[in-house]
Amino acid sequence: GNKVVPKTKPELLAMWQAGKVSQVHPEPGRDIAHKHTNYDKWKTATDTYEAKYQLPYEPYFVADKNRMPRYDASFLGYGNDKTGH
């Protein structure tokens, strides 16, 4: 797999455009936890913006795992993919 972690939003967007990264489960019906993000707005935003929370929203965030604390083990198995490293 790809081990390159983008360090900036422009790097992430370039990887997205090149097909090197994608959202989890983009298929209709499986995208329920991620469809509340306005990706078109996010892609062009130069500042943070508010996303309206609706269950079962699971927003993404990208981080260098070497700089993050270990995940909370109480979430193991919840959401299917959020505790992977």
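**View 1. Tyr 53 lies in the segment that follows α2.** Helices here are DSSP runs of H or I with at least four residues, strands are E runs of at least two, and both are numbered from the N terminus. The model is a predicted one, in which local features need pLDDT of at least 70 and side-chain atom pairs count only at pLDDT 80 or more, whereas totals for chains, interfaces and linings use all residues. Residue numbers start from 1 along each chain as its sequence is written, and side-chain values use heavy atoms, with hydrogens and water left out. Tyr 53 counts as exposed because its relative accessibility is 52%, given that exposed means over 50% relative accessible area, buried under 20%, and partly exposed in between (1.4 Å probe, protein chains only). The C-alpha atom of Tyr 53 is 9.2 Å from that of Thr 37, although 16 residues separate the two in sequence.

**View 2. Thr 37 sits in the loop between α1 (9-17) and α2.** With a relative accessible area of 15%, Thr 37 is classed as buried. Once residues up to four places away in sequence are set aside, Thr 37 touches Tyr 49 and Tyr 57, a contact being defined by heavy atoms within 4.5 Å. The side chains of Thr 37 and Tyr 57 are also joined by a polar contact of 2.5 Å. Such a polar contact is a pair of N or O atoms within 3.5 Å, where, within protein, one must be able to donate a hydrogen and the other to accept it, and where residues adjacent in sequence count only if both atoms are side-chain atoms.

View 3. Pro 56 belongs to the segment after α2 (39-44) and is partly exposed, its relative accessible area being 32%. Leaving aside neighbours within four places in sequence, Pro 56 is in contact with Ile 32 and Ala 33. The C-alpha atom of Pro 56 is separated by 8.4 Å from that of His 34, which is 22 residues away along the chain.

**View 4. The whole chain, shown for context, has 2 helices and 0 strands.** Buried residues make up 14% of its 85 residues. Among contacts in the chain with a separation of 6 or more, 40% are between residues 24 or more positions apart. The chain exposes about 7,300 Å², of which carbon and sulfur atoms supply 54%; accessible areas come from the Shrake-Rupley method with a 1.4 Å probe.
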